[in-house]
Protein chains: 2
Amino acid sequence: MDISKKSLLTPAEAAKLLHVAPTTIRHWAQIGRLPFISTPGGHRRFDRNDILSLMSTPKINVKNDFSILIIEDDKEFADMLTQFLENLFPYAKIKIAYNPFDAGDLLHTVKPDVVMLDLMMVGMDGFSICHRIKSTPATANIIVIAMTGALTDDNVSRIVALGAETCFGKPLNFTLLEKTIKQLVEQKKATS
Amino acid sequence: MDISKKSLLTPAEAAKLLHVAPTTIRHWAQIGRLPFISTPGGHRRFDRNDILSLMSTPKINVKNDFSILIIEDDKEFADMLTQFLENLFPYAKIKIAYNPFDAGDLLHTVKPDVVMLDLMMVGMDGFSICHRIKSTPATANIIVIAMTGALTDDNVSRIVALGAETCFGKPLNFTLLEKTIKQLVEQKKATS
DNA sequence: ACGGAATCGGGTAATTAGGGAG
DNA sequence: TCTGTCCTAATTACCCGATTCC
């Protein structure tokens with residue numbers, strides 16, 4: 001069988017392409033590093049593009065096992081938050097989505113462990129983004145920390161009802177945020 | 001029941017849809033996992049719906065054979081385009097992103113073969129979306145068909161330079177669009 | 001209706017895959 | 001982080017006469 005013309009690969013074929021053992025391919029599929037689809041019998045099939053994308057991914061991406069995505073259109077605020085998080089998690093990969101498209105895109109390319117989500121953005125509804133994240137199996141276990149300038153009871157209960165882990169007002173209470181985020185991350189590691 | 005959406009598949013066709021070898025289809029038919037009818041000569045024919053229902057089994061996640069993503073914030077226009085495409089590709093999976101977040105999200109969850117991309121949207125820059133698609137290995141070979149109300153030389157050359165396969169003006173010339181899209185799809189199938 | 005190429009069915013053997021612990 | 005191993009299950013290759021398609 002000529003695999004050079006197929007776009008959907010079996011584990012063995014994918015293994016050949018990446019120069020690793022089939023076992024490793026299986027492992028990567030299990031931990032979510034490699035997207036896949038299944039046959040009705042449960043065997044995996046890999047999209048050639050996903051394989052190629054993994055090949056061309058810098059090592060940094062592969063090595064980082066903890067990442068945070070900031071969804072925030074206020075550049076100044078986002079950059080400040082980035083600095084804070086870099087201090088808190090020196091080895092984390094931190095990405096910022098300044099616009100809605102990047103938010104949707106990075107959600108899948110970064111596969112973040114934590115999302116810092118601004119609720120009040122122009123042209124982007126934080127509530128529906130949260131709902132989408134929490135109602136999609138592939139992203140449901142991402143920790144969502146909402147942030148809003150209008151910290152009202154209504155907003156908090158709405159976003160928590162949508163699945164967000166917690167909600168912070170702006171400006172941020174960094175002491176409390178540090179404590180909360182560390183606790184949530186520990187909790188997640190313990191259960192997964 | 002729409003008769004144009006009914007069809008009987010040969011084992012080879014069913015195999016292709018499920019990303020499996022014809023032998024496997026035969027096996028499933030033998031053990032009763034796949035319903036089928038027989039030709040006078042004893043060859044099996046499968047109802048497309050039976051295949052699709054097997055694909056959408058909860059635990060299974062089979063990629064659609066062919067899918068199209070429409071990125072367009074004008075709901076009316078998008079719905080009209082959807083109807084046209086449904087007619088053109090009766091068995092394709094067609095999704096619409098009315099906003100930028102969905103665009104980025106669906107790009108990775110649907111993994112479309114073709115993207116119909118509006119260049120002039122509020123709060124969403126079609127040019128940078130095209131650039132992102134074409135510069136990311138995982139999405140680079142998606143066929144991008146740009147659409148714009150302002151069909152200027154400048155816009156066309158810009159979007160084509162960013163990697164779009166072609167660019168159409170609005171209102172759409174459906175005759176030409178049909179011809180072009182079919183040609184691009186054929187071309188892609190041949191080289192992939 | 002004829003011919004040739006592609007595909008199918010049946011049956012079985014061989015290969016590959018998934019899960020999990022090491 | 002990657003890989004070899006064990007067991008069971010899913011998938012595929014192979015052979016050949018028959019059927020379909022154009």
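1. Start with the pair α1(A) and α3(A): in this predicted model, α1(A) passes α3(A) in a right-handed crossing. The residues that touch are Ala14(A), Leu17(A) and Leu18(A) from α1(A), and Arg48(A), Ile51(A), Leu54(A) and Met55(A) from α3(A). By type, this contact has six nonpolar residues, one charged residue and no polar ones.

2. Now look at how these two helices lie. Helix α1 (residues 11-18) of chain A and helix α3 (residues 48-55) of chain A have axes that come within 10 Å and cross at roughly 30°. Angles under 35 degrees count as roughly parallel, and that makes α1(A) roughly parallel to α3(A).

3. The axes of helix α6 (residues 100-109) of chain A and helix α5 (residues 100-109) of chain B come within 5 Å, crossing at roughly 25°. The two helices are therefore roughly parallel to each other, and α6(A) passes α5(B) in a right-handed crossing.

4. Who meets whom here? On the α6(A) side you will find, among others, Phe101(A), Leu107(A) and His108(A), and on the α5(B) side the residues include Phe101(B), Leu107(B) and His108(B). The contact of α6(A) with α5(B) divides into eight nonpolar, six polar and two charged residues.

5. Finally, turn to the strands in chain B. Strand β4 (residues 67-71) of chain B runs parallel to strand β5 (residues 93-97) of chain B, and five bridges join them. Leu69(B), for example, has Lys95(B) in β5(B) as its bridge partner. To get from β4(B) to β5(B), the chain goes through helix α4 (residues 75-88) of chain B, making a right-handed β-α-β crossover.

Key: Residues numbered from 1 in each chain as written. Chains lettered and ligands numbered in written order. Predicted model: local features only at pLDDT ≥ 70, side-chain atom pairs only at ≥ 80, totals over all residues. Heavy atoms only, no water. Axes fitted to C-alpha atoms, helices over the stretch in contact; angles between N-to-C directions. Helix = DSSP H or I, 4+ residues; strand = E, 2+ residues; numbered from the N terminus. Parallel < 35°, antiparallel > 145°, perpendicular 65-115°, else oblique. Left-handed = near helix turned anticlockwise from the far one by under 90°. Contact = heavy atoms within 4.5 Å. Nonpolar A, V, L, I, M, F, W, Y, C, P; charged D, E, K, R; others polar. Pairing = 2+ DSSP bridges. Right-handed = clockwise from strand over helix to strand, strands pointing away.
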